Amino acid sequence: MEFIRRHAWRAEDEIMAQYFRNKDRLCELQSKIPAQMKIFQADFNSESDTKNFVDVLLAENFVPTHILHAPAVPVNYLRFSEMTWLDFEIQINVQCRSIVEVLGKLIKPMAKIERGKIILVLSSCSMNVPPKFLSTYVTAKYALMGLGKALAAEYAPKNIQVNMISPSMMETKFLQNIHESIVEKSAAANPTKRNAAPKDVANLAEYLFSEKNSFVTGANIPVAGGEVF
């Protein structure tokens, strides 16, 4: 949302925007930017919904040049012994299966035109020591990072750049199940004395998507205020 709001769109640009629950906010943005934006609802925890979304893209004959992948499930702090495989499966479905299904159909036409920039939004939990009680989330992020690095290696000869952004705790609706005291403690512990903001991620995405970036691929870049390197 922040990237769409900040980017300097052109009238000829075309955006395919997937949402789960934020249609109103997307519609508001749709009315404010010059680009053509089509909005699609899809629950990425549903295999049929995910495949239907891909089918819609194929029916539109859409060959993406830029993909920003940032779906995630709001987290709850739970001990590993309190988790079930279903908890892991939901995170993996939403974060990993969704992009596997999309790229499974669309990366070949991207490779054919030898042009593409893909950004996977991870988390600073994928760097150094991860936080406790977030095993499902951490597992999905590491799986997504492995996929990103593998794709970067495989498709670099086709001029497709795949990079990852890893923000520290960011104050969005994603934290809706986290007690405010934990959010406050995270900000206090950060060297900058604040948590990450959506604009911090959007600004980095702007560079990675730009023509100024012609040689960075396979990187997992922290946006964490010095919390991790």
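Author: The model is predicted: local features need pLDDT of at least 70 and side-chain atom pairs pLDDT 80 or more, while totals for chains, interfaces and linings use all residues. Residues are numbered from 1 along each chain as its sequence is written, and side-chain values use heavy atoms, without hydrogens and water.

Reader: What makes β5 largely enclosed by the rest of the structure?

Author: Buried means under 20% relative accessible area, exposed over 50% and partly exposed in between (1.4 Å probe, protein chains only). Eight of the eight residues of β5 (residues 160–167) are buried, so the strand is largely enclosed.

Reader: How do you know that β4 and β5 pair?

Author: Strands (E, at least two residues) and helices (H or I, at least four) are DSSP runs, numbered from the N terminus. Pairing requires at least two DSSP bridges between two strands; six join β4 (residues 116–121) to β5, so these parallel strands pair. Within β5, Met-164 is the bridge partner of Leu-120.

Reader: Why is Asp-13 called buried?

Author: Asp-13 has 12% relative accessibility and therefore counts as buried. Asp-13 lies in the loop between α1 (2–6) and β1 (14–19). Leaving aside neighbours within four places in sequence, Asp-13 is in contact (heavy atoms within 4.5 Å) with Ala-35 and Gln-36.
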